[in-house]
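Please keep the sequence and the three-dimensional view at hand while reading.

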Amino acid sequence: CLTCSNGGRTDCLSCNTAVSNYKYYWADSKTCTSSCPEGSYLENPLTDIICKTCHASCLSCSGGAENNRCDTCKIKGDFPYFTPELRTCTPNCIQGYYESDSTKKLCSPCHSSCYTCSGGHLSTNCDSCDLSSQLSFYYVNLRTCLTSCPIKTYLQDASKKICFKCHEECLSCDGVNRNNCLKCDVENPKYAFYSESTRICIDKC
């Protein structure tokens, strides 16, 4: 210590900057150290000598005490998931991000078309779509977000804009079963004819 409130090592009020091993002052513990300890940072590493405490969610940080200044997270704490793009630590990966490394608890951005996703950042990794966007229709079978339900699919839930694949015999349908066909694919000779009574597609009447 350069100045102190008592005689102990944890009673420092300022540090002797001439001694490199005790140059930095950490106010939380009232100690002088050779570098800022984990959970603290220097506002300006070139000029500052006072270690400031990181945000409670961060394990380590730099540039400030806000929750978007984290460099690492406490993996065994309440905020284990780290999003490098945002520099935040959260209880889980937030909307628009997915767990890209379960060991390190890293979160990476979803594809821009996805509202939520899992398993990767491709457009075929979506778990849901943004209902207010152009790509609001979710095609479950391909895990993609589209502008509308594509051909050979049907809208199962209009409020959530969820599309499911028709049975392979149908060109259009209102359900997943073979007898949910509304139209048949005339270019496929096996299923070119539509039976109104059974609502299936057949090779001939």
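The structure is a predicted model. Two residues, S136 and C1, are then examined: S136 is in the loop between β14 and β15, and C1 is in the segment before β1.

**Pairings made by β6**

- Strand β3 (residues 24–26) and strand β6 (residues 50–53) run parallel and are joined by two bridges.
- Within β6, I50 is the bridge partner of Y25, while C51 stands opposite W26.
- Strand β6 also pairs with β5, here in the antiparallel sense and over three bridges.
- For Y41, the bridge partner in β6 is K52.

**Residue S136**

- S136 lies in a loop that has β14 (126–128) on one side and β15 (137–139) on the other.
- Is S136 buried or exposed? S136 has a relative accessible area of 3% and therefore counts as buried, since the term applies to values under 20%.
- A polar contact, at 3.1 Å, links the side chain of S136 to the side chain of K161.
- Leaving aside residues up to four places away in sequence, S136 touches C129, D130, L131, L146, K160 and K161.

**Residue C1**

- C1 belongs to the segment that precedes β1, a strand covering residues 3–4.
- The relative accessibility of C1 is 47%, so this residue counts as partly exposed; the exposed class requires over 50%, and the buried class under 20%.
- Which residues does C1 touch, not counting those up to four places away in sequence? They are G8, R9, C12, S14, N16 and C32.
- C1 and Y22 are 21 residues apart along the chain, and their C-alpha atoms are separated by 7.7 Å.

Methods. Residues numbered from 1 in each chain as written. Predicted model: local features only at pLDDT ≥ 70, side-chain atom pairs only at ≥ 80, totals over all residues. Heavy atoms only, no water. Helix = DSSP H or I, 4+ residues; strand = E, 2+ residues; numbered from the N terminus. Buried < 20%, exposed > 50% of the residue type's maximum accessible area, 1.4 Å probe, protein only. Polar contact = N/O pair within 3.5 Å; in protein donor to acceptor, adjacent residues only side chain to side chain. Contact = heavy atoms within 4.5 Å. Pairing = 2+ DSSP bridges.
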